[in-house]
Protein chains: 2
Amino acid sequence: MKLAQMKTVEDAAPGVAHGCMDDELGFHLRRSQVAAFKHFGQTVTAAEGITPGLYGMLQVIANNSGLTQSALAEAMDVDRSSIVKVVNQLEDKRLIVRDASPTDRRSYCLRLTSFGRNELARIEQAVTAQDREFSKALSEAERHTLIGLLKRLYK
Amino acid sequence: MKLAQMKTVEDAAPGVAHGCMDDELGFHLRRSQVAAFKHFGQTVTAAEGITPGLYGMLQVIANNSGLTQSALAEAMDVDRSSIVKVVNQLEDKRLIVRDASPTDRRSYCLRLTSFGRNELARIEQAVTAQDREFSKALSEAERHTLIGLLKRLYK
DNA sequence: TATTGTTATACTCTATAACTATA
DNA sequence: TATAGTTATAGAGTATAACAATA
């Protein structure tokens, strides 16, 4: 096979020009976010069977134990109705439980099971390793600089 | 209305803890990218009727005139079949044309119409303004630092 | 009256597989 | 045989509207 015909993940579409998008932050945010999701899928999801979305939900529940589905929806900036399926999935995986609220019979208090806590501890290690691997082109100082700049985009 | 009950885009879900995700680059990439899409939608899409995805496609076609749908698919890192509807939409909006390829009767060469060029010139101004507005918390030097760091995440 | 969780429904984006017409 | 474009179909992920139970 000729060198010019070789196609790998790294050099796919090598010659495409992006014009003024090269100076647009939104364009690079989008590309790097897609790359991050893809990397997460190939590592964490492949090994642990959990998607970025489910992982984020699990962390918010873990760090805000007892919050309601409505509170989770607000925190994740999605509609209440969109939360139901996700909570079902986490419950099906025995990672969380819907506890009856002691003060409001309409709502549930979401909490990790002890199994869920163990699982999350293991998954966290995989995610941390994935995150460092994904950003291995940056020094630790640059990684923190990047995170600091990103945080300032959404206050 | 009491101050404690006020809900705005800026202070939604003020009290939610994110645990170790606060040090995960992927988490902040996701949040800032979602914020960027939302801002784009409220400004550019609202005024010009074009989504971030369609805008990106249009720019790639504009900057690589004559490329085929397969080449566009590879550049956008999506399947050939997913390109069809998008190209139809851009054609329906009279922004591009499918020209017959002079060398391969199976494929089309995608090109902007003169109307498309005019439209893109106008849309570009809206996108540039949107991008600067979205990143107004950063100085121009910081914005470029951020773009430079992001680029290093995907080659 | 308003809110919580739920369901039904729909819309967008994307992928896979199979088809056609070319190469 | 292989490739370019297309279609049918399916799966995430999301939203809106309406409902029952409860506040």
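This is a predicted model: local features need pLDDT of at least 70, side-chain atom pairs count only at pLDDT 80 or more; totals for chains, interfaces and linings use all residues.
1. Within chain A, helix α2 (residues 52-63) and helix α4 (residues 80-92) pack at an angle of about 80°, their axes lying 11 Å apart; helices are DSSP runs of H or I with at least four residues, numbered from the N terminus, and the axes are lines fitted to C-alpha atoms over the stretch in contact, with angles running from 0 to 180 degrees between N-to-C directions. This makes α2(A) roughly perpendicular to α4(A), a label that covers 65 to 115 degrees. The contact (heavy atoms within 4.5 Å) is made by Leu54(A), Met57(A), Leu58(A) and Ile61(A) of α2(A) and by Ile83(A), Val86(A), Gln89(A) and Leu90(A) of α4(A).

2. Over all chains the structure holds zero disulfides, a disulfide being a pair of cysteine sulfur atoms within 2.5 Å. Cys20(A) counts as partly exposed at 28% relative accessibility, whereas Cys109(B) is buried at 8% (buried is under 20% relative accessible area, exposed over 50%, partly exposed in between, with a 1.4 Å probe and protein chains only).

3. Residues are numbered from 1 along each chain as its sequence is written, and chains are lettered from A in the order in which they are written. Local features need pLDDT of at least 70 and side-chain atom pairs count only at pLDDT 80 or more, while totals for chains, interfaces and linings use all residues; side-chain values use heavy atoms, leaving out hydrogens and water.

Conventions
Helices (H or I, at least four residues) and strands (E, at least two) are DSSP runs, numbered from the N terminus. Angles under 35 degrees count as roughly parallel, over 145 as roughly antiparallel, 65 to 115 as roughly perpendicular and the rest as oblique.
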